[in-house]
Amino acid sequence: MKYSEIKKEDIEVYKLIKKEEKRQKDNIELIASENFVSDAVLQAQGSILTNKYAEGYPGKRYYGGCEYVDQIETIAIERLKKLFNVNYANVQPHSGSQANMAAIRSVCNHNDVILGMSLDAGGHLTHGYKLSFSGTDYIAYSYGVNSETGLIDYDEVLRIAREVKPKLIICGASAYPRAISFKKFKEIADDVGAYLLADVAHIAGLIVTGYHESPVGYADIITSTTHKTLRGPRGGIILTNNEELAKKINKTLFPGCQGGPLEHVIAAKAVAFKEDLSEDFKNYIHQVVLNCKAFAEEFKKLGYKLITNGTDNHLLLIDVKTSLNMTGKQAEDKLALVNITCNKNSIPNDTEKPMQSSGIRLGTAAMTSKGFKEEDFVLLAQIMDKVLKCQNKKDLKQYKRAIINMAHKYCK
Ligand SMILES: *Cc1c(COP(=O)(O)O)cnc(C)c1O
């Protein structure tokens, strides 16, 4: 990208964008929630649609001049409904967290009981964490994972649900490497008479291509981000098959939680959803999953302990404390020295504080977008192993060169 107008107007910001562009080119990106969008998505998001106010929904706006943004938002909605095979979709949430705020508020009043996966077991802040609206506005309880297997124990979730009697159960995670059974969550929700919210922020791309079970038919409400495996602009979405709930969700999001929608982002969502409906995208997600399996297998071969001993999706969690006697923070920092970006992550029964933690989370979605195949991830695991065990700075330099070469391998 040229950014020539920014260069003319604001050299300070221009220089930093160029530095970030170079960083994204020269680094191996393993943050499981990130991805690289197409130029078409970038252009839509950078378009003049940012000038338009459009409070309300297509055909029912509080402002004039909405005839074109109405059509764009309708296209986004229709494509999204087709993608997930649902009857109602809202494409206005500014983020995944906003989507969850509106979804929870649509079925819960203040101080109702909610039950979600705990943050340290792999859940998200908005599933009831004490510092989030979800933990302060509601009475939030949590379920975790089995400390031996790292897996969700559905019998345990049922036991907790029967005990705390939630109005809403939230399933879905940010750092869970295995498949989630929405069917089992639905049985638990039915047993205790709770609504079920499936937050598929991480695995949405796998769901729409058939590489993960869909929550449609099980969850009352489905939320997601659009910028993770769906490979769209930063943002959120809310889906349902229930007409009454759909009306409530629309009202709760606007005017309940947000003002004017970001029509430039909605246009970028529409473009991304078109891409997501393609055969190319299905092949891409297939490769993401193959790559993740190959990556996990190589780490296991090298002697690393993986949480749940492997992966079913686009991410894996390594217990670096057991494997190398280092903290997640130390591992993250060491990898950063050779241009590998990832994040420390708590593991089940973590003895370290969250800012240190005992694990790292690695995802394959972003580098698969750059063209990485299984053999690239196998080689990457081998280099990462050497880097993590490396004791002298000189060797690190040589690994850094190798990583930059790898990062450039498929660049145009
Ligand atoms: C990323 C994520 C979100 C929130 O997304 P933001 O756009 O950062 O607000 C919500 N739920 C889950 C499970 C996530 O992984």
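## Around the ligand

Helix α5 (residues 96-107) contributes the most to the shell around the ligand, with three residues. Helices here are DSSP runs of H or I with at least four residues, strands are runs of E with at least two, and both are numbered from the N terminus. Before going further, please keep in mind that this is a predicted model, in which local features need pLDDT of at least 70 and side-chain atom pairs count only at pLDDT 80 or more, while totals for chains, interfaces and linings use all residues. Residues are numbered from 1 along each chain as its sequence is written, and side-chain values use heavy atoms, with hydrogens and water left out.

The ligand is surrounded by 13 residues, and the closest are Gly96, Ser97, Ser174, Asp199 and Lys228. Sorted by class, the shell has two nonpolar, nine polar and two charged residues. In this scheme Ala, Val, Leu, Ile, Met, Phe, Trp, Tyr, Cys and Pro are nonpolar, Asp, Glu, Lys and Arg are charged, and the others, Gly among them, are polar.

Let's look at some of the individual contacts. Gly96 uses its backbone: a polar atom there is 2.9 Å from an oxygen atom of the ligand. Ser174 places a polar side-chain atom 2.8 Å from a ligand oxygen, and an N or O atom in the side chain of Lys228 is 2.8 Å from an oxygen atom of the ligand. The protein covers 86% of the 390 Å² of accessible area that the ligand has on its own. A polar contact is a pair of N or O atoms within 3.5 Å; within protein, one must be able to donate a hydrogen and the other to accept it, and residues adjacent in sequence count only if both atoms are side-chain atoms. Accessible areas come from the Shrake-Rupley method with a 1.4 Å probe, and for residues only the protein chains shown count as cover.

## Salt bridges

Side chains of opposite charge can pair when their charged atoms come close. With a salt bridge taken as a side-chain nitrogen of Lys or Arg within 4 Å of a carboxyl oxygen of Asp or Glu, the count comes to 25. One of them joins Arg23 and Glu20, at 2.8 Å from N to O. These two residues are three apart in helix α2 (residues 11-26), which means that about one helical turn separates them. Arg23 is partly exposed at 31% relative accessible area, and Glu20 is also partly exposed, at 31%. For these labels, buried means under 20% relative accessible area, exposed over 50%, and partly exposed in between (1.4 Å probe, protein chains only).

Helix α12 (residues 279-301) holds another such pair, Lys300 and Glu297, three residues and about one helical turn apart. Their side chains meet at 3.4 Å, N to O. Lys300 is partly exposed at 28%, as is Glu297 at 43%.

Arg178 and Asp312 also form a salt bridge, at 2.9 Å from N to O. This pair links distant parts of the chain, 134 residues apart: Arg178 sits in the loop between β7 (168-171) and α8 (182-192), and Asp312 in the loop between β11 (305-306) and β12 (315-319). Arg178 is buried at 19% relative accessibility, whereas Asp312 is partly exposed at 30%. Elsewhere, Arg61, Asp70, Glu73 and Glu263 are linked in a network of salt bridges.

## Aromatic pairs

The structure holds ten aromatic pairs. In the pair Phe299 and Tyr304, the ring centres are 5.4 Å apart and the planes stand at 80°, so this pair is edge-to-face. Rings of Phe, Tyr and Trp (its six-membered ring) pair if their centres lie within 6.5 Å; planes under 30 degrees apart count as stacked, over 60 as edge-to-face and the rest as tilted.

## Backbone details to look for

Phe254 and Pro255 are joined by a cis peptide bond, with omega about 10°. Pro255 is in helix α10 (residues 243-257).

Two asparagines also deserve a look. Asn85 has a positive phi near 60° without being a glycine; this residue lies in the loop between α4 (67-84) and β4 (88-90) and is exposed at 62% relative accessibility. Asn339, also not a glycine, has a positive phi of about 70°. Asn339 is in the loop between α14 (328-336) and β13 (340-341), and is buried at 11%.

Conventions. A residue is near a molecule or strand if one of its heavy atoms lies within 4 Å of it.
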